[in-house]
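The following note was prepared for a colleague who asked for comments on this model. The points are numbered so that each can be checked in turn.

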Amino acid sequence: MQQNALAFDDAERMALELLAELSPEGTIQPSALAKELQAYYQLIMIDEYQDSNNKQDDIFKLLSRNCIEPETGTLRYGDNVFLVGDVKQSIYRFRLANPQNFVHAISSAGTETSVCRHIVLNRNFRSVPAVLDFVNFVCGSLMSDTCGDVAYTDAEALYPGTDITEILPEEQQKVTVAVLTPEDDADTDVQIAYVIGKIQEMIVAGVPVAQKDHATRPCQYRDFCILLRTNPMCTSFAHALEQAGIPVQSPDETGYLKAREVGLLLDMLRVLDNPTLDTSLAAIMLSPMFWFTPEDLMRIRMLGKKTSLYSAVCMAIGVTESAEPVQLDDVLVQKCRQLYDTLQKLRQSSGMMTLEALIRRIYDTTDFLSVMQLTKDGDRKRANLHLLLQYAKQYEENTDAAHNGVSGFLRYIDWLLDSGNDFQQTSLTAGVENAVAVKTMHRSKGLEYPFVFLGKLESPFSTEDSRKNAVFSEKGLVGFCIKNPENYTRAKTMPFAVLEQENRNASRSEELRLLYVAMTRAKQQLFLPLNLKKVRTRTTDYLAQYSTLILPDGTLPPLTVQNAGSMAHWVWMCLVLRHDAVLAREINLPPQCWNTPAWSEKLQIHYEFSLPPVTKSDTLPEQAVIQPDADTLKDLKKITAFQYTSPDCGRQSLLSVSALQEAHQKRAPVWKRPDFRLQEGHLTGAERGTAIHTFFQYADFRKAQADVPAEIQRLQTYGFLTPEQAAAVKPEIPAAFFRDDLYRRLCRSKRVLREQKFLVQCHDLSAYPETAAILRRYENSDSILKGIIDLAFQEGDHFVLVDYKTDTVSSPDVLVDSYREQLMLYCGALQCITGMPVKECYLYSTHFQKSIEVKP
């Protein structure tokens with residue numbers, strides 16, 4: 001234990017081995033030691049039980065009395081166990097916490113085989129009713145046994161128990177949703193700007209904060225908390241607040257060992273351990289410890305060019321003879337003498353002092369702490385140096401005498417650096433109590449603040465499992481991906497796909513519980529800044545999708561909730577479901593065609609659609625205007641007037657195949673209809689073609705060949721096709737493709753490329769002669785050609801290229817003439833990226849329902 005050789009997981013496993021034994025039937029039974037401990041403990045009280053893992057669950061059962069169910073002989077919770085927890089706050093899955101343990105305890109309570117009883121504690125003594133109503137509405141609309149691992153019923157809902165409602169004005173008890181639309185060329189993050197502006201606005205206005213004595217006071221910075229999903233987000237927010245002049249307390253950052261002040265102190269320890277290390281010695285000589293200049297080091301180094309720097313210092317003070325006849329002035333010799341004496345004394349002390357005491361002696365001898373205090377961000381640097389004392393003390397307490405001392409500590413530090421590990425660093429404003437707290441949602445659990453901002457809710461959920469080659473489950477199951485090294489393909493096995501989906505569902509459930517924890521930290525006001533452009537992109541209108549998925553009774557399908565890509569998507573789902581008139585009018589929500597959910601009866605949401613006004617600081621005194629230097633101004637004008645004459649300046653650096661063909665054929669571009677026209681229900685010919693092309697892009701060919709209507713429905717369910725698009729894709733169109741001889745050839749191919757993106761240089765493109773007119777302007781340039789090949793498959797030593805076309809034309813020859821140049825460009829690009837020739841090119845026409853060969 002003292003050597004940290006036993007981890008917490010090892011202790012759990014060893015405890016379980018001591019308390020449990022297997023019966024002949026294979027069930028877990030309490031051991032003799034467990035029965036002895038059962039008699040010893042009168043009552044077992046466990047808090048935060050939703051965060052227990054499977055081992056801990058078994059340990060607590062084994063320690064409780066009457067823990068074996070008589071009929072089945074299996075473990076159960078005994079009659080002297082008192083468990084307290086909230087499944088909705090289980091957010092430590094990465095520590096193997098299993099909320100199903102507590103779910104099972106609740107579901108089994110009150111049954112014939114259980115000796116436990118379920119007591120509901122749903123009174124909230126923290127938040128005002130406005131916040132609780134919003135939490136109940138969001139979680140009641142989203143949480144279910146499928147997503148969240150708990151059905152959010154009236155029993156799970158939160159009911160107000162705080163008395164601050166009577167103290168505060170009603171307008172200061174609210175939930176604010178800020179719908180922000182950033183400018184395309186904005187340099188600042190719109191959410192950060194909103195949070196900074198709102199905090200400054202509330203500080204200036206002196207928004208009241210309720211106190212325990214039932215009085216109010218003006219708000220201070222310490223009353224605000226910003227909750228974010230990850231530590232990097234916290235760091236960016238903290239730096240932005242700091243630059244705006246707002247004091248901030250952020251979570252511990254990485255990079256402690258690479259901080260300048262810590263690095264200098266470690267260099268001093270390295271010199272004390274081995275003074276012949278030139279780099280470390282030069283670092284401390286140039287530091288505020290000894291104040292040498294680079295010129296001083298150069299002159300000292302001249303005393304012994306082939307010796308170490310420490311030997312040169314010894315030569316400078318006459319300890320050893322110099323090999324070079326270089327004279328140093330008295331001031332430099334005195335500085336060398338002070339350096340030498342200081343190192344000698346500290347080296348002697350290092351053999352008799354503890355590591356912590358030695359570092360303190362260095363601080364006192366060199367006055368390093370005081371000097372660092374005077375530099376920029378001095379409080380933080382001083383706190384980091386004090387923190388090093390704690391780390392040194394912890395190191396000596398956890399190591400034996402053989403590894404103690406400066407050398408062992410430095411080896412430990414080098415190991416940390418080599419392995420990419422680090423110590424925790426102090427916050428950006430260490431020691432400042434009246435500061436805005438910036439925390440991750442996980443770190444906020446158990447805390448409360450009058451004003452809480454939930455920032456960066458658009459951060460996408462992790463999809464790490466899909467990129468792994470193997471996935472594991474808590475039940476000990478494993479699934480692998482299969483790789484084919486010949487054609488560089490990767491396929492998921494059935495166990496992999498099942499476990500991946502299970503892990504994904506478990507991860508989404510925990511993210512939803514994490515959102516619940518974050519929202520319930522607010523006492524008086526909750527702020528949710530949202531970026532409208534993240535849900536209304538150029539390609540997808542998620543708000544319109546959500547409105548079509550809401551059921552008539554005003555509920556969200558669990559599958560829709562599970563498929564959300566971020567916490568912001570969940571919030572937007574609820575806002576669309578709520579369908580407030582203010583929001584619907586401001587951002588043009590689709591019309592409501594569902595019943596208003598019961599959870600939103602008492603709900604009041606305050607909306608904001610612009611940034612708060614900038615709080616101006618004191619006016620700076622006017623400064624005299626300094627006239628520019630005439631010669632410098634002339635040079636600058638000459639530089640800015642310069643123009644490039646290269647022919648590449650008139651060429652596009654990045655070309656697309658479709659745009660290139662449109663320009664060559666002088667075809668007018670097809671513009672997308674406005675969203676309000678799309679809602680009319682009638683698709684244009686171009687939009688129907690897009691729908692058909694989308695089907696071919698995302699369809700699973702094997703499933704579609706077997707049942708085209710079912711595949712169309714699947715793509716609509718997963719959001720690849722809108723209901724209008726799905727209706728436009730007539731089943732006979734894809735069915736004709738699957739009957740075509742071209743598809744039978746595709747099925748026999750071992751290498752199939754679908755929606756293959758490419759980037760190739762124009763001069764590398766092995767284009768056909770027909771494309772020379774298009775590429776002549778770019779033949780000697782470095783311009784890049786990009787595009788997407790619909791379909792290509794390998795036959796023998798060559799490729800066959802296929803491009804889908806939905807045009808309605810008079811004859812196949814007209815279609816071929818229109819797209820011959822485009823296919824030739826695709827052929828050249830495919831040949832470049834695969835290194836194999838393209839022998840055949842085809843257009844598959846959905847109008848003629850057949851493949852048409854295109855020859856050069």
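1. In this predicted model, the second largest pocket contains about 1300 Å³ of space. Its lining comprises 48 residues, of which Val 84, Gly 85, Asp 86, Phe 102 and Leu 121 are the closest to the centre of the pocket. Strand E4 (81–83), helix H4 (100–108) and strand E5 (123–124) are the elements that give two or more residues to this lining. Helix H4 gives the most, with five residues.

2. What is the division of the lining of the second largest pocket into nonpolar, polar and charged residues? The lining holds 23 nonpolar residues, 11 polar ones and 14 charged ones.

3. The largest nonpolar core has 86 residues, and Leu 454, Leu 526, Trp 570 and Trp 572 are those with the most contacts inside it. Helix H21 (residues 567–578) gives the most to this core, with 10 residues. When residues up to four places away in sequence are not counted, Trp 570 touches Leu 142, Cys 147, Phe 461, Arg 508, Glu 511, Leu 512, Leu 515, Val 561 and Ala 564.

4. A second, separate core consists of 58 residues, including Met 285, Tyr 363, Tyr 391 and Leu 410.

5. The structure holds 30 aromatic pairs. One of them is formed by Phe 224 and Phe 453, which are stacked, with 6.4 Å from centre to centre and 25° between the planes. This pair links distant parts of the chain, since Phe 224 belongs to strand E10 (residues 224–228) and Phe 453 to strand E13 (residues 449–454), 229 residues apart. Phe 224 is buried, at a relative accessible area of 0%, and Phe 453 likewise counts as buried at 0% relative accessibility.

6. Why does the pair of Phe 453 and Phe 527 count as stacked? The ring centres of Phe 453 and Phe 527 are 4.5 Å apart and their planes lie at 15°; planes under 30 degrees apart count as stacked, so the pair falls in that class. Because Phe 453 lies in strand E13 and Phe 527 in strand E17 (residues 522–531), the pair ties together parts that are 74 residues apart in sequence. Phe 527 is buried, with a relative accessible area of 1%.

7. A cluster linked by ring pairs is made up of Phe 695, Phe 696, Phe 701, Phe 737, Phe 738, Tyr 743, Tyr 804 and Tyr 844. Tyr 844 is also one of the residues that Asp 740 touches, together with Lys 850 and Ser 851, when residues up to four places away in sequence are not counted.

8. Where does Asp 740 lie, and is Asp 740 buried or exposed? Asp 740 is placed in the loop between helix H30 (732–739) and helix H31 (741–748). Its relative accessible area is 12%; because residues under 20% count as buried, Asp 740 is classed as buried. Asp 740 and Tyr 844 are 104 residues apart in sequence, while their C-alpha atoms are 9.5 Å apart in space.

Key:
Residues numbered from 1 in each chain as written. Predicted model: local features only at pLDDT ≥ 70, side-chain atom pairs only at ≥ 80, totals over all residues. Heavy atoms only, no water. 1 Å grid on protein atoms, 1.4 Å probe; cavity = no way out; pocket = protein on both sides within 12 Å on 5 of 7 lines; lining within 4 Å. Points joined across faces, edges and corners; volume = space filled by probe spheres on them. Helix = DSSP H or I, 4+ residues; strand = E, 2+ residues; numbered from the N terminus. Nonpolar A, V, L, I, M, F, W, Y, C, P; charged D, E, K, R; others polar. Core = buried A, V, L, I, M, F, W, Y, C linked by side-chain atoms within 4.5 Å. Buried < 20%, exposed > 50% of the residue type's maximum accessible area, 1.4 Å probe, protein only. Contact = heavy atoms within 4.5 Å. Phe/Tyr/Trp six-rings, centres within 6.5 Å; stacked < 30°, edge-to-face > 60°.
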